[in-house]
Amino acid sequence: MKRSAPQQAPEVQVETRGQLPPDAAAYARDKVRAVLGQTREPVLFARVRLNRTANPAVERPVIAQANVDLNGRPARAHVAGQTATQAVDLLQDRLAKQLARLTEHWEARRGRTTVPGPHEWRHGSEPTHRPDYYPRPVDERQVVRHKSFSLAWESPDEAAFELESMDYGFHLFTDADSGEDSVLYRSGATGYRLAQLHPHPHPAGNMAVPLTVSELPAPRMNMAEAQQRLEATGFPFVFFADDSTGRGNVLYHRYDGHYGLITPAE
């Protein structure tokens, strides 16, 4: 089947915050448009956010994030750099990889190619350049972002693809097999770890990605207890059952040192 030619590069919205060079927005726009111009699917939306923190203690103070709607399928890339130029260059490379994986996945589902193996679309040992979070004093930390949405019902394989295409550190979803609120995250350089409200074993032979399942149920706690657990463990996030709703929630560290909270919509 003849493949369509790359489309004309779309418009890219660029938002900036903090002390950035005057040409930073134009540089980011050109770099991201160059990547999007190579895609064969329509780009319905593209936005880049550049933010430079004023704190001199942060090693990589420039955060660059791209959000793209590729013919109805969202993709995201999120990196940090020492300078605006470095951050944008890293973003361009990472976004190109994200879109290539997304295209491979689509073409496999349409029957155009064989299904890509998990190591073909999972970045594994690639350098992530993920944003560090600022070590804000504990008594200053607050939940400054609360996202609530209907969780996707999907398999761990689908959750892994969602995690990678959206460049997440973790992915909260409802396991389609068990109906349990679950969180998937990377475990080491080559695999994934699944935690659930009430653990259910997943046969290894049915998984396309290397997966281990935590045997511990999610602890039931309130927000104050979740914050205490997050600080005590030093982990980037904590998965817990809300003591009032019983649903799976995730409290996580944001790059600005505050907290973010993800809850299922009732």
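Reader: Which residues does Ser165 touch, leaving out those up to four places away in sequence?

Author: Ser165 touches Arg73, Pro74, Ala75, Arg76, Gln98 and Leu102. Keep in mind that this is a predicted model.

Reader: Where is Ser165 found?

Author: Ser165 is in helix α4.

Reader: Is Ser165 buried or exposed?

Author: Buried. Its relative accessible area is 5%, and the cut-off for buried is under 20%.

Reader: What does the side chain of Ser165 reach?

Author: The backbone oxygen of Glu162, at 3.3 Å.

Reader: How many residues of α4 are buried?

Author: Nine of ten, so helix α4 (residues 156-165) is mostly covered. The buried ones are Pro156, Asp157, Ala159, Ala160, Phe161, Glu162, Leu163, Glu164 and Ser165.

Reader: And what comes just after α4?

Author: Asp167, with a positive phi of about 60 degrees.

Reader: Why call β4 largely enclosed?

Author: Because seven of its nine residues are buried, the rest of the structure largely encloses β4.

Reader: New topic. How many residues are in the largest nonpolar core?

Author: It has 29 residues. Those with the most contacts inside this core are Leu36, Val48, Leu50, Leu91 and Leu95.

Reader: Which elements give two or more residues to this core?

Author: α1 (24-36), β2 (43-52), β3 (62-70), β4 (73-81) and α2 (84-109). α2 gives the most, with eight residues.

Reader: What is Leu50 in contact with, beyond four places in sequence?

Author: Glu15, Thr16, Arg17, Leu20, Ala24, Ala28, Ile63, Ala64 and Val88. There is also another core, lying apart from the largest one. That core has 13 residues, among them Ala195, Ala218, Phe239 and Tyr252.

Reader: Where does Val12 lie?

Author: In the segment before β1 (13-17). Val12 is buried, with a relative accessible area of 5%.

Reader: What is Val12 in contact with, leaving aside neighbours within four places in sequence?

Author: Arg29, Val32, Arg33, Leu36, Ala46 and Val48. Take Arg29: it is 17 residues from Val12 along the chain, yet their C-alpha atoms are separated by 5.9 Å.

Reader: Now His171. Which strand is His171 found in?

Author: β7, residues 170-175. His171 is buried, at 9% relative accessible area.

Reader: Which side chain does His171 join in a polar contact?

Author: That of Glu154, at 2.6 Å.

Reader: What else is His171 in contact with, beyond four places in sequence?

Author: Besides Glu154, His171 is in contact with Ala159, Glu162, Leu163, Ser182, Val183 and Leu184.

Reader: On to the open sheet. What order do its five strands have?

Author: β5-β14-β13-β12-β11, with mixed pairing. The edge strands are β5 (143-149) and β11 (220-221), and each pairs on one side only.

Reader: How do β12 and β13 pair?

Author: Antiparallel, over five bridges. The strands cover residues 237-242 and 248-253. Val238 stands opposite Leu251 in β13.

Reader: Which helix lies across β5, β11, β12, β13 and β14?

Author: α5, residues 223-233. Helix α5 runs at about 50 degrees to β13.

Reader: What happens at the start of α5?

Author: A side-chain oxygen of Asn222 reaches to within 3.3 Å of the backbone nitrogen of Ala224. Just after α5, Gly234 takes a positive phi of about 75 degrees.

Reader: Last, the whole protein. How many helices and strands?

Author: Five helices and 14 strands. Of its 266 residues, 46% count as buried.

Conventions
Residues are numbered from 1 along each chain as its sequence is written. This is a predicted model: local features need pLDDT of at least 70, side-chain atom pairs count only at pLDDT 80 or more; totals for chains, interfaces and linings use all residues. Side-chain values use heavy atoms; hydrogens and water are left out. A nonpolar core is a set of buried Ala, Val, Leu, Ile, Met, Phe, Trp, Tyr and Cys residues joined through side-chain atoms within 4.5 Å. Buried means under 20% relative accessible area, exposed over 50%, partly exposed in between (1.4 Å probe, protein chains only). Helices (H or I, at least four residues) and strands (E, at least two) are DSSP runs, numbered from the N terminus. Contact means heavy atoms within 4.5 Å. A polar contact is a pair of N or O atoms within 3.5 Å; within protein, one must be able to donate a hydrogen and the other to accept it, and residues adjacent in sequence count only if both atoms are side-chain atoms. Two strands pair if DSSP finds at least two bridges between them. Axes are lines fitted to C-alpha atoms, for helices over the stretch in contact, and angles run from 0 to 180 degrees between N-to-C directions.
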